[in-house]
Amino acid sequence: MRYSMRRKSEGGERLDLQGKKVIAIGERDGVQATAIAAVARSAGAEVLLELNQCFV
Amino acid sequence: MILGAAEPAYVEMMAETVTAGDPTYTGPLAGVSLGLPVYHVTEPEVREKADASIYQDQIGLSEVAMQTDDIWQSIRKVRERTLGS
Amino acid sequence: MTETFPTIRGIACVISHTPGLLRYGSKPTRELAREPGLFDKMRPHLRSFDDAVAYGPNQVFIGNHGPEWLWSVPEPWWRHGDEGARATGPAGRIVGEDHFWGLLQMADDFGILDIDKSRLERSRDLLRATGLFADAELERAVKAAKPPASSDGSISLNAADGSEVGRIANGYPGDSSQTADILIENLACKASGALALKELLAQMKMEPGEVEYLLGCGEEAVGDRYQRGGGSISKAMAEMAGCTQATGSDVKAFCCAPVHALVLAGALVQGGVYKNVIVVGGGSLAKLGMKMLGHMQKDMPLLEDCLASVAILVGPADGSGVRMRLDAVGKHTVASGGSAGAIYEALVSEPLGHLGLRIPDVDKYAVELHNPEITVPAGSGNVPRTNYRIIAALGVQRGEMKREEVDGFERVHGMPGFVPTQGHIPAALPYLAHALPKLRDGSLRNALFIAKGSLFLGKMTNMVDGMSLLLDRG
């Protein structure tokens, strides 16, 4: 099991979130929807829906 | 669709559900192919388009805690199979 | 701020192994509605009582081993039962479904249940052998308080082997908040919570009449059509356990409620309102079999066959030296924000900062201690491990720890998850069974108890909640 401790730079050019409509599905013990939505908005996306899940 | 779950196996199942259809055939998306482009919030495709300080504030800590390599591998596999990208 | 703080005097942790009730969990109920033949496929995956007793995490829960002992048990834990396992431990006990039918009967004041007499007599005898119940109480296990209610809308209750045990009726015709399936959830919660209360009173050698107030921290919605979730199952548990001088109320905050309740209990004691306050959490029947599809797919036993319950006694400083640091309660506020960083700053670094502590200064962190052997096979991840990694990452970000220490943080400052996936029950507090003796003898300096609640599940907000409380030695 390997955990990433640093940013990686490959592959970032294929998706352009500018003007895209986004659904953010977060998780309580992962990244929550509000955090995903903030990131998506900062990339120019419109967030249509924020939902969270809990597995326990 | 952008996901934030921490568990690679779950990310894979969720990605499959919103692209090809529910692989467990237990929910409303059983047999329904939405074909939505699906990414994990930690993937470079999302991160590099986001404002760096907002990303660091919102995701930075989670990113350290998650097995991002495994998550990326799981979700890319699904995208390649179902969306051809 | 006063210099003395209230203390936690004891905790009882009880498991009721109820494989026959597993089918009434939310997930099994929904799956069985889709595929009635599924039960025949489930049955070979149900565990025996002996297997549930020997299961390592259950032995940890009742205090026969420390959580760290699980690191020495080969995986899968369910294949490597503890050869020295006992159904009783320093923190509590494990009872079987043969005990539990009688406990359910004792919990029923309304003739909702109609259970086979011979089953109840066997239960009474088993419950007598625990030494926790008086004769008059044991009679309640065999004698219905009221004649059985109408069978309209009733559902059958079955033992693990499939045999019918009896029936449970609806509470009120047409009341969708008192259907038979809801009432069995609530009775199971009341019965298991009252059993934990009994266990705690015995452990503390305390008369039931000494208990003054109870705070329920479970998630069951007890009420009727006009006040669904009206609450106070804590007072019902108090009555069943003979705490005649107590009243109670329920604290609701999803899985976060136990830490809220503990803080409130401490405040009631600190404020001089009461001396003996108990936080009680009954078992969650709805969560039985929650991950069953994953377990069956992996050809595992259905490990979510246990109702877990806890009762915790809070009182004034008693010379043990264990202090509830009410001067540094961690809370996730409306303004805190939903990122992991914001949540853990609110729950960890802010309260520690008040006390001049850094993250590595806390000996042990008790997070949501869900047993990973239950969650990982179902694709739900290792909840405690994720939490430990985030706390460690926060330590690195704050310059309090080295990056190389992140991987080892769980081993040094954490523990493996050992608690059944019973919602509020895994929320940090079962570690009290292990922490209290060590805090008293000085082998543990302090421990931070952290719980989070998924408020968003109720569709009233997209927020989570979180509370934390530090225990240390004075």
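**Entry: ground rules**

I note that residues are numbered from 1 along each chain as its sequence is written, while chains are lettered from A and ligands numbered from 1 in the order in which they are written. Because the model is predicted, local features need pLDDT of at least 70 and side-chain atom pairs count only at pLDDT 80 or more, whereas totals for chains, interfaces and linings use all residues.

**Entry: confidence**

I looked up the scores. The predictor gives the complex an ipTM of 0.89 and a pTM of 0.95.

**Entry: chain A**

I listed the elements, taking helices (H or I, at least four residues) and strands (E, at least two) as DSSP runs numbered from the N terminus. Chain A has one helix and two strands, in the order β-α-β from the N terminus on. Chain A has 56 residues, and 46% of them are buried. A residue counts as buried if 20 or more other C-beta atoms lie within 10 Å of its own, as exposed if 12 or fewer do, and as partly exposed in between, with C-beta atoms placed from the backbone.

I then looked at contacts, where two residues qualify if their C-beta atoms, placed from the backbone, lie within 7 Å. Of the contacts in chain A with a separation of 6 or more, 51% are between residues 24 or more positions apart.

**Entry: where chain B meets chain A**

The contact takes 32 residues from chain A and 27 residues from chain B. On the chain B side, β1 (2-3), α2 (44-47), α3 (52-65) and α4 (68-82) each supply at least two residues. I find the largest share, seven residues, in α3(B). By class, that side of chain B has 16 nonpolar, five polar and six charged residues. Here Ala, Val, Leu, Ile, Met, Phe, Trp, Tyr, Cys and Pro count as nonpolar, Asp, Glu, Lys and Arg as charged, and the others, Gly among them, as polar.

A strand pairing also links the two chains. Strand β1 (residues 21-27) of chain A runs parallel to β1(B), over two bridges; two strands pair if DSSP finds at least two bridges between them. I25(A) has L3(B) as its bridge partner.

**Entry: where chain C meets chain B**

This contact takes 14 residues from chain C and 12 residues from chain B. On the chain C side, α12 (340-354) and α14 (383-397) each supply at least two residues. The largest share is six residues, from α14(C). I count that side of chain C by class as six nonpolar, seven polar and one charged residues.

**Entry: nonpolar core**

A nonpolar core is a set of buried Ala, Val, Leu, Ile, Met, Phe, Trp, Tyr and Cys residues joined through C-beta atoms within 7 Å. The largest one has 189 residues. V39(A), L197(C), I278(C), I312(C) and A428(C) have the most contacts inside this core. Helix α8 (residues 180-204) of chain C gives the most to the core, 13 residues.

Leaving out residues up to four places away in sequence, A428(C) touches several others, including V259(C), A366(C), L369(C) and F449(C).

**Entry: strands and a helix of chain C**

Strand β1 (residues 7-17) of chain C runs parallel to β2(C), with four bridges between them. C13(C) stands opposite G92(C). Strand β2 (residues 92-95) is covered on both faces, with G92(C) and I94(C) buried on one side and R93(C) and V95(C) on the other.

I also found an open sheet of three antiparallel strands, in the order β3-β5-β4. β3 (113-115) and β4 (155-158) stand at the edges with a single partner strand each, so one side of each has no neighbour in the sheet. Three bridges join β3(C) to β5(C), and D114(C) has R167(C) as its partner.

V165(C) lies in strand β5 (residues 164-168). Why do I list V165(C) as buried? Because 20 other C-beta atoms lie within 10 Å of V165(C). Among the residues that V165(C) touches are W101(C), I115(C) and L157(C). W101(C) is one of the buried residues of α5(C). In helix α5 (residues 97-107), 10 of the 11 residues are buried.
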